[in-house]
Amino acid sequence: MSKRLIEFRNVSFRYGEEQPWVLKNVSFEIYEDEWVAIIGHNGSGKSTIAKLVNGLLFPQQGEIVIDGQLVNEESIWNIRKEVGMVFQNPDNQFVGATVQDDVAFGMENRGFPREDMVKRIDETLKAVGMQAYRLTEPHRLSGGQKQRVAIASVLAISPKVLILDEATAMLDPNGRKEIMETVSQLQNSQGLSLITITHDLHEVVQADRVIVMNEGEIWDEATPREIFSKKDELRKIGLDVPFVAILADELKQVGITISQEPLNHEELLEELWTLNSRT
């Protein structure tokens, strides 16, 4: 069994003593090499979880353990070496005059030897398909290219966990698809644990596991297929389900039997082709 990398133990959090609890007694585990999507309506607590994992916030109640280390003010700099985070707007993360300067920034802060920095700049830019832009000024890049550079900057410090906090929200459908294909390849090739905070249902179906947040609590935790089989319950807490799942339900209502909940169009077409070949 894979090693536990992140543990939330009865974690509660609020933004001030007079404010309502944003997280209420939340417990879960994330394992090495696992892709977990965290979804929920606005204000459900999902982005707060991301900030707690990265040590940008600390819980008022409960404990967070990352790679065996309790997250607190003494351990925070060690924790941030293990956890990389990419935000919704990549412009907020750029600090360098060129792409390669930006990728180098995090390594410089951590005292990486120059030879290692040069090697990692090459490797990470190649990994995200941006090596041809290393001398380009970041503001001249497209939205998708900027997110690729932001991901490269995080990967350069070799984190064990990569968090994408609505990282594709500002991109068009093609940009979102390209970024998630890149991230999926990186996760497989580099053995990253990946946490995606997202509203994009196409990102959710690629995950190994989904944590559904509702009003600061874990509403459910299961595989994407199991989660999206609960269509009516998801709608009641303000969440959508993939169009292909809705279409499968419509087909069932007219007497076409679908053996399992399809996660994408390819799976639905395969089901229909199999049914057709039997008749």
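This is a predicted model: local features need pLDDT of at least 70, side-chain atom pairs count only at pLDDT 80 or more; totals for chains, interfaces and linings use all residues.
1. E215 is found in the loop between β9 (209–214) and β10 (217–222), where helices (H or I, at least four residues) and strands (E, at least two) are DSSP runs numbered from the N terminus. This residue has a positive phi of about 55° although it is not a glycine, and at 53% relative accessibility E215 counts as exposed; buried means under 20% relative accessible area, exposed over 50%, and partly exposed in between (1.4 Å probe, protein chains only).

2. Residues are numbered from 1 along each chain as its sequence is written, and side-chain values use heavy atoms, with hydrogens and water left out.

3. A positive phi is also found at S158, a residue other than glycine, with a value near 55°. S158 sits in the loop between α5 (143–155) and β7 (161–165), and at 42% relative accessibility S158 counts as partly exposed.

4. The protein is divided into domain 1 (1–86 + 159–173 + 186–224) and domain 2 (90–158), with bounds that come from an automatic or database domain assignment. The centres of the two domains, taken over C-alpha atoms, are 24 Å apart. Between them, domain 1 and domain 2 bury about 1100 Å², 71% of it on carbon and sulfur atoms; buried area is the accessible area (1.4 Å probe) that two parts lose on being put together, summed over both. V86, P159 and L186 supply 44% of the area that domain 1 buries against domain 2, more than any other three residues.

5. In terms of contact, meaning heavy atoms within 4.5 Å, 13 residues of domain 1 meet 13 residues of domain 2. There are zero salt bridges between domain 1 and domain 2, a salt bridge being a side-chain nitrogen of Lys or Arg within 4 Å of a carboxyl oxygen of Asp or Glu. On the side of domain 1 that touches domain 2, α2 (76–82), β6 (83–86) and α6 (173–190) each supply at least two residues, and the largest share, three residues, comes from β6.

6. Helix α1 (residues 46–53) is largely enclosed by the rest of the structure, because six of its eight residues are buried. The buried residues of α1 are K46, T48, I49, A50, L52 and V53. Just after α1, G55 takes a positive phi of about 75°.

7. The count of salt bridges by this rule comes to 19. One of them joins D67 and K3, whose closest N and O atoms are 2.7 Å apart. D67 lies in the loop between β4 (61–66) and β5 (69–70) and K3 in the segment before β1 (4–13), so the pair ties together parts that are 64 residues apart in sequence. D67 is buried, with a relative accessible area of 14%, whereas K3 is partly exposed at 41% relative accessibility.

8. Another salt bridge brings together the side chains of R225 and E267 (2.9 Å, N to O). Here too the pair links distant parts of the chain, with R225 in helix α8 (residues 224–228) and E267 in helix α11 (residues 265–278), 42 residues apart.
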